[in-house]
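Me: Could you walk me through this structure with me, one topic at a time? I'd like to ask about the sheet, the pockets and the aromatic rings.

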Amino acid sequence: MRAALTSRARAAAKAAPLLRGPSLRQATRSYGEFPSLVINSAGYHPQGAFAEAQATFLNPDQAAVDRLKVLLTEANAGIVAHFYMDPELQGVLSKIDYPHIYTSDSLAMADAAVSMAEKGVKRVIVMGVDFMSENVRAVLDYQGHKDVEVFRLSTEEIGCTLAASAETENYAAWLEKARKTGKGLHVVYINTSLLTKAKSHSVVPTITCTSSNVIRTILQAYHQIPGVVVWYGPDTHMGANLRTAFEAMSQLTDEEVRAIHPEHDRASIKKILEKFEVYPQGTCVVHEMFGSGVVRKLREEYADCCHTAHLEVPGEMFALASEAKLVGRGAVGSTSDILKFITARVDDAVQKEGPQTVRVTLGTEAGMITPIARSVRETLTKADRPDVNLEIIFPVSSDAIAADDALGTGVVPGVAAGEGCSVSGGCATCKFMKMNDLDGLMDLLEAINAKKSQTLLRSYYPKTYKESVAGRSAAEVGGETILHMRSFQANAQLPSELVQHVLSI
């Protein structure tokens, strides 16, 4: 049944109305080589094979939507998914009228899982890479929901190149240097395994961060712990961008700095730059490709666009989006920050008279297009504004696609090698995130509902670590770094036990 439905979903996606020709030319002018997708109340207007592949699944097959709702209801299961999911899966999830589906950046996924558990959900399916399911498991346990099962969508490892960079001897040596330096705080990006967090915390006091809260976390650390040295890792690009952001803050007035953090001024920000260390060898394969060649083309041919950049992108793309942000035409930060900026720009356009077109370059993984498209079409339809268009430009090569005979369209986002990047452009998609697909979700739910063997179902559980770290379980020690972050999120203060841990060294 599942195979027939997913095949039908692919066929329906192929037949879904994508607006081309005159409709597209009226909506936007053509830009260079980068593919783009125009979104308006009438539908989707793709330019280039990559954009067409992204748009294909934005109108999913209703039979697949209905079947998935039945399976989720029977299993009493909730779904927490990252924005970078497979486009077919995101398209179906976005159309289901079911209360326990939540798509977000990594920060909010665990909170959503807790909320579902409190409402009686017995299982949570995590659609992301492995550190995300580990994070959800740890937070559910801490909140007293150890009886709620957590599943991934694969029995295989769902890795992450950035997380892997923190599992090397080089990272261990860098942390040892931090320990010997003294009075150090390790701010570790959430995109790392629970075991990495645990081992780090046993060497240097550690708090987890996300791209949504990293700047606030670091500023608060320097305020609460005078003389602290912050060691940020493993994302090298994000660390460099954070340094750039602090350098920019040091040029602001005291009043402008206090608007960012009330306990800081220009002088204190300058001191931060003297005690801020970044791991030099950690990168994400997705954001790595937004480099100088891509940015040069954006500056030359897309100067009238708004520009967005995730904190993980190389410095050139970060600088471009930061410059745009200064004049109200850009955003830098997390995936949620990018989504908020784009929807705000569309809201502004709706308030203006006459035809409007908002053009935005998407400086992050292309999976973001699904929540963007859903939000924008709802806004434009509700406002009855068929003359307002949003054009999303993908700063990737138009040929960053791969053949897929099962699809019928012949292409899906990503290149044949699987890493989702093209040497002639930028990065298309994350191959690890795309291990979460509709077929896998249907298979898992059918296995749960058929009460298949526990051995089979446990193979979908998040990884468990048998290692002991500092005399405690790796899950306990690693989970402590996440709880420190959650405490900061709730109270806007670093927890006292973390501060004392730093001061005791």
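This is a predicted model: local features need pLDDT of at least 70, side-chain atom pairs count only at pLDDT 80 or more; totals for chains, interfaces and linings use all residues.

Me: Which residue of E12 stands opposite His310?
Reply: Strand E11 covers residues 306–310 and runs parallel to E12, joined by four bridges. The residue opposite His310 is Gly333.

Me: Which element gives the most to the lining of the largest pocket?
Reply: A pocket is an open set of points on a 1 Å grid over the protein atoms alone, where a 1.4 Å probe fits, with protein on both sides within 12 Å along at least five of seven lines; lining residues have an atom within 4 Å of a point. The largest one has a volume of about 750 Å³, the volume being the space filled by probe spheres set on the points, which are joined across faces, edges and corners. Helices H11 (214–224), H12 (236–249), H13 (254–260) and H16 (315–326) and strand E12 each give two or more residues to its lining. With six residues, the element that gives the most is H16.

Me: Which residues of that lining are closest to the centre of the largest pocket?
Reply: The lining has 25 residues. By class they are 13 nonpolar, seven polar and five charged (nonpolar: Ala, Val, Leu, Ile, Met, Phe, Trp, Tyr, Cys and Pro; charged: Asp, Glu, Lys and Arg; polar: the others, Gly among them). The closest to the centre are Ile215, Ala245, Met249, Lys325 and Val332.

Me: Which helix supplies the largest share of the lining of the second largest pocket?
Reply: This pocket has a volume of about 590 Å³, and among its 34 lining residues, Glu167, Ser193, Thr196, Lys463 and Tyr465 lie nearest the centre. Helices H7 (130–142), H8 (161–165), H9 (169–181) and H10 (194–203) each supply at least two residues. The largest share, five residues, comes from H10.

Me: How many residues apart in sequence are the parts tied together by Phe34 and Tyr302?
Reply: Rings of Phe, Tyr and Trp (its six-membered ring) pair if their centres lie within 6.5 Å; planes under 30 degrees apart count as stacked, over 60 as edge-to-face and the rest as tilted. Phe34 and Tyr302 are a tilted pair, 5.4 Å centre to centre with 35° between the planes. Phe34 lies in the loop between H2 (22–27) and E1 (36–40) and Tyr302 in the loop between H15 (292–301) and E11, so the parts tied together are 268 residues apart.

Me: Is Tyr302 buried or exposed?
Reply: Buried means under 20% relative accessible area, exposed over 50%, and partly exposed in between (1.4 Å probe, protein chains only). Tyr302 has a relative accessible area of 0%, so Tyr302 is buried.

Methods
Residues are numbered from 1 along each chain as its sequence is written. Side-chain values use heavy atoms; hydrogens and water are left out. Two strands pair if DSSP finds at least two bridges between them.
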